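Subject: Structure handover

Hi there,

Here is the structure you asked about, with the sequence alongside. Could you have a look, and then read my notes below?

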Amino acid sequence: MDRQFQCGARRIGRRATLGMGVCLALTPRWALAQADPARERPREGDLLVVVGAATPEPLITDSVPLDGKQIMAWPMDPASSTVRSGSRLNKVLLLRLHGEDLDPATEERAVEGVVAYSAVCTHTGCDVTVWHADSQQLECPCHYSLYDPKAGARVLSGPAPRPLPALPLKIVDGRLVVAKPFTGRAGFQQM
C-alpha cells in the first residue's frame, strides 16, 4: 500500500507542486479582488459621479448639457460612498439628447433625454471619447468605430462587433441613478 502511495506522489512532480503553490499564494489576492466593492459592476440604486472629481458629487440631469460632449462617470454606492472605479469596465458615458430623437428602446432606458452607455469600445477596449455634435455620433478614436447613441449605441461603421451596452437610468431625489445593470457585457471582444 505504501508503495502505491509513493508512486502516486512521484507522478505529481515538481512542476505541478510549484504550480499548486503559486495558485495557493495568489488565491487570497484573487479572492480579495473579487470582493472589492470598487470593482463591482454598477448596481440598481447607484449614483453617478464625474470621473476624476476631487469630491464625488452625484450628477443631476442638468449636469449633462443638452447636445453637448459626453460626460464620463463612475457609479457610486450611495450607502457606503464607494466609487466603483476599481475596474475600467465600470466607466459610463452620459449624453443628453432630445427625447423625441431617441428610438423607443433607448427612450425607455433614458431619463429626461440623458442616456448612459459603457465607455469601453466593444472592439479592443479603448475609451469612446469622440463626440460628433453635427451628426450626433460617438466615435472610438483607436479604430474609428461609430456608434449611434439615439438608437441603443448601435454600430454604424468600423470594426466594433456589437453596440455599447446601455445603463438604464432613473431620477431619485433629483439625481441620476442606475435603474438596472448594463444591458450587455461591458468590455471588448476576446481574441
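Glu-40 is partly exposed, at 21% relative accessibility (buried means under 20% relative accessible area, exposed over 50%, and partly exposed in between, with a 1.4 Å probe and protein chains only). Its side chain meets that of Arg-43 in a salt bridge, 2.8 Å from N to O; a salt bridge here is a side-chain nitrogen of Lys or Arg within 4 Å of a carboxyl oxygen of Asp or Glu. Arg-43 is also partly exposed, with a relative accessible area of 44%. Both residues belong to a network of salt bridges that links Glu-40, Arg-43, Asp-46, Asp-77 and Arg-84.

Before going further, please note that this is a predicted model, in which local features need pLDDT of at least 70 and side-chain atom pairs count only at pLDDT 80 or more, while totals for chains, interfaces and linings use all residues. Residues are numbered from 1 along each chain as its sequence is written, and side-chain values use heavy atoms, with hydrogens and water left out.

How many salt bridges does the structure hold? There are ten. Side chains of opposite charge can pair when their charged atoms come close. Another of the pairs is Lys-170 with Glu-44, whose closest N and O atoms are 3.7 Å apart. This pair links distant parts of the chain, 126 residues apart: Lys-170 sits in strand β9 (residues 169-172), and Glu-44 in the loop between α1 (2-35) and β1 (47-50). Helices (H or I, at least four residues) and strands (E, at least two) are DSSP runs, numbered from the N terminus. Lys-170 is partly exposed at 30%, whereas Glu-44 counts as exposed at 56%.

Asp-148 and Arg-154 also form a salt bridge through their side chains, at 3.9 Å from N to O. Here Asp-148 is buried, with a relative accessible area of 10%, and Arg-154 is partly exposed at 41%.

The structure holds one cavity of 30 Å³ or more, and the largest cavity has a volume of about 30 Å³. A cavity is a set of points, on a 1 Å grid over the protein atoms alone, where a 1.4 Å probe fits but cannot get out; lining residues have an atom within 4 Å of a point. Grid points are joined across faces, edges and corners, and the volume is the space filled by probe spheres set on the points.

Which residues line the largest cavity? They are Thr-106, Arg-109, Ala-110, Val-115, Ala-116, Tyr-117, Ala-166 and Leu-167. The lining divides into six nonpolar, one polar and one charged residue (Ala, Val, Leu, Ile, Met, Phe, Trp, Tyr, Cys and Pro count as nonpolar, Asp, Glu, Lys and Arg as charged, and the others, Gly among them, as polar).

His-123 lies in the loop between β4 and β5 (130-132) and is buried, at 11% relative accessible area. The His-123 side chain makes a polar contact of 3.3 Å with the side chain of His-143; such a contact is a pair of N or O atoms within 3.5 Å, where, within protein, one must be able to donate a hydrogen and the other to accept it, and residues adjacent in sequence count only if both atoms are side-chain atoms.

Last, some backbone angles. Asp-67, in the loop between β1 and β2 (71-76), has a positive phi near 60 degrees although not a glycine. Ser-81, in the loop between β2 and β3 (92-96), also has a positive phi, of about 60 degrees.

Best wishes

Conventions:
On a 1 Å grid over the protein atoms alone, a cavity is a set of points where a 1.4 Å probe fits but cannot get out, and a pocket is an open set with protein on both sides within 12 Å along at least five of seven lines; lining residues have an atom within 4 Å of a point.
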